[in-house]
Amino acid sequence: MKTKRRKEQTFHEYFKEWVSLYKVGAIRSITLQKYYVTEQKLQELVPNLKLKELDRYSYQQLLNEYARTHEKQTTMDFHHHLKGAILDAVDEGILTQNPTRKIVIKGKDPRPKKAKFLNQFEVQSLLKVLNLTEDINWDWFILLVIKTGMRFSEALALTPIDFDFSKQKIVINKTWNYKKTNGSFQPTKNESSNRKIQIDWQLAMQFSQLIKMKELDKPIFVRSRVFNSTINNRLKVLCNRANIPIITVHSLRHTHASLLLFAGVSIASVANRLGHSSMTTTQETYLHIIQELENQDNDKIIKHLSMLM
């Protein structure tokens with residue numbers, strides 16, 4: 001009877017129950033929010049589609065409709081959310097066949113790609129136009145991310161107690177949930193994100209003065225609700241002033257990693273500094289840089305070997 005009742009359910013109702021059963025309390029709130037958005041979109045696109053009516057044809061139609069207004073990668077993410085619930089429905093015997101088999105992912109043409117990172121010359125130009133005042137401001141935030149490569153939410157969560165000036169290290173063990181009105185501390189993205197980042201003596205000296213009067217357990221950058229767009233808008237102004245490509249605050253993280261890789265720092269060390277769960281993530285993210293470095297290494301190898309007579 002239970003299986004029969006489930007078959008009569010609409011697809012979006014089943015997905016909503018599935019998210020509540022398997023995802024709530026098991027994944028981070030930011031990730032959970034993405035599943036809620038998927039459920040909302042599902043209800044909007046196929047409000048009356050019953051689970052028993054879900055087959056390859058109806059599922060492809062659903063994805064095609066979604067793809068009309070979304071890029072291919074976004075459509076793929078939407079599909080992956082739905083596929084998890086669908087495969088469980090197959091396992092439970094609610095669906096007799098897997099409707100996601102041999103599915104085709106479509107999507108709008110992607111928007112022109114923005115610059116992902118700055119080169120060393122452009123970074124120097126950006127640093128020259130920063131307005132580093134005696135009190136903490138967003139320009140200090142930008143400088144910190146450039147020099148550490150930490151995630152936006154990790155930098156927002158920093159408190160004075162996270163700075164170990166004697167060892168020139170910053171402890172990353174939490175993030176700031178800036179998407180909520182009041183904001184709050186929350187765990188890091190994964191276990192590997194809990195780490196200590198070495199900083200240079202100059203940055204250590206600067207921040208030791210900036211935060212010496214701050215409350216030990218309160219975020220040093222957060223005074224009221226923080227929006228990602230606020231820092232991105234400030235960064236846009238600075239990039240225009242420095243006459244360099246306009247990038248986002250997340251691109252500062254990519255910039256940090258690319259500078260280290262071009263400087264010859266090992267992939268393992270870069271992965272550890274960024275808090276990646278594995279070196280594979282680092283290699284996939286910065287494949288183009290790694291390939292460029294390999295080409296440079298090949299030139300060095302050939303030049304060296306040609307000198308052996």
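Which residues of the largest nonpolar core touch the most other members? The views below start there. This is a predicted model, in which local features need pLDDT of at least 70 and side-chain atom pairs count only at pLDDT 80 or more, while totals for chains, interfaces and linings use all residues. Residues are numbered from 1 along each chain as its sequence is written, and side-chain values use heavy atoms, with hydrogens and water left out.

**View 1. The largest nonpolar core.** Leu126, Phe141, Leu156, Phe207, Phe221 and Leu252 touch the most other members among its 44 residues. A nonpolar core here is a set of buried (under 20% relative accessible area, 1.4 Å probe, protein chains only) Ala, Val, Leu, Ile, Met, Phe, Trp, Tyr and Cys residues joined through side-chain atoms within 4.5 Å. Elements that each supply at least two residues include α6 (120-128), β2 (169-172) and α11 (249-262); helices (H or I, at least four residues) and strands (E, at least two) are DSSP runs, numbered from the N terminus. Helix α7 gives the largest share, seven residues.

**View 2. Around leucine 156.** Setting aside residues up to four places away in sequence, Leu156 touches Trp138, Phe141, Trp176, Tyr178, Pro219, Phe221, Val222 and Val226, with contact meaning heavy atoms within 4.5 Å.

**View 3. Lysine 169 in strand β2.** You will find Lys169 in β2. Beyond its neighbours within four places in sequence, Lys169 is in contact with residues including Asp162, Asp164 and Lys196.

Methods:
Buried < 20%, exposed > 50% of the residue type's maximum accessible area, 1.4 Å probe, protein only.
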